[in-house]
Amino acid sequence: FDLDFGAKMKCPGAPVDGGCSFGSNVALTSGWKNWGHFAQGLLSCLLAVRVLVPGLPGVLHAAASAALPFVAVYPVYNCIKRVLKEADTFAASSYSNNNAEWICGFLLGLSA
């Protein structure tokens, strides 16, 4: 189970042909952002499952139902962000890394 997505290109305000460097692109490392993506996926799944479970109190069920369309917000946001910010280097961006973290959280939520 390898979560290393190769080198991530970093170009702080510089075009691809100059000022760029490569960094690590490994999912689920010790960084808070990595585990934040995981937590977002987990909470998204738990929210979706709670709506489908009968017996929730009316207000809680209504609130969860209203929030259900936001389950897929992060994966869509991540794709749009990477396309707009890193279109030239999309394959070397952190898109796959971030989505893998979100998906791992979502899958854990499915198993709960």
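Predicted model: local features only at pLDDT ≥ 70, side-chain atom pairs only at ≥ 80, totals over all residues.

Reader: What makes the pair Tyr74 and Tyr77 tilted?

Author: A search of the whole structure finds 2 aromatic pairs. In one of them, the rings of Tyr74 and Tyr77 have centres 5.9 Å apart and planes at 50 degrees. Stacked needs planes under 30 degrees apart, and edge-to-face needs over 60.

Reader: Why is the pair Trp102 and Phe106 called stacked?

Author: The planes of Trp102 and Phe106 are at 15 degrees, with ring centres 5.2 Å apart. The limit for stacked is under 30 degrees, so the label holds. Both sit in helix H4 (residues 95-111), 4 residues apart.

Reader: How do you know whether Trp102 is buried or exposed?

Author: Trp102 has a relative accessible area of 8%. Buried means under 20%, so Trp102 is buried. Phe106 comes to 21%, so Phe106 counts as partly exposed.

Reader: Why is Phe70 called exposed?

Author: Its relative accessible area is 56%. Exposed means over 50%, so Phe70 qualifies. Phe70 lies in the loop between helix H2 (58-67) and helix H3 (73-86). Phe70, Val73 and Tyr77 form a nonpolar patch on the surface.

Reader: How many disulfides are there?

Author: The count is 0. A disulfide needs two cysteine sulfur atoms within 2.5 Å. As for accessibility, Cys104 is buried at 18%, while Cys79 is partly exposed at 29%.

How values were computed. Residues numbered from 1 in each chain as written. Heavy atoms only, no water. Patch = residues over 30% accessible without salt bridge, like charges linked within 9 Å, V, L, I, M, F, W, Y side chains within 5 Å. Areas by Shrake-Rupley, 256 points an atom, 1.4 Å probe, with all protein chains shown as cover. Salt bridge = Lys/Arg side-chain N within 4 Å of Asp/Glu carboxyl O. Helix = DSSP H or I, 4+ residues; strand = E, 2+ residues; numbered from the N terminus. Buried < 20%, exposed > 50% of the residue type's maximum accessible area, 1.4 Å probe, protein only. Phe/Tyr/Trp six-rings, centres within 6.5 Å; stacked < 30°, edge-to-face > 60°.
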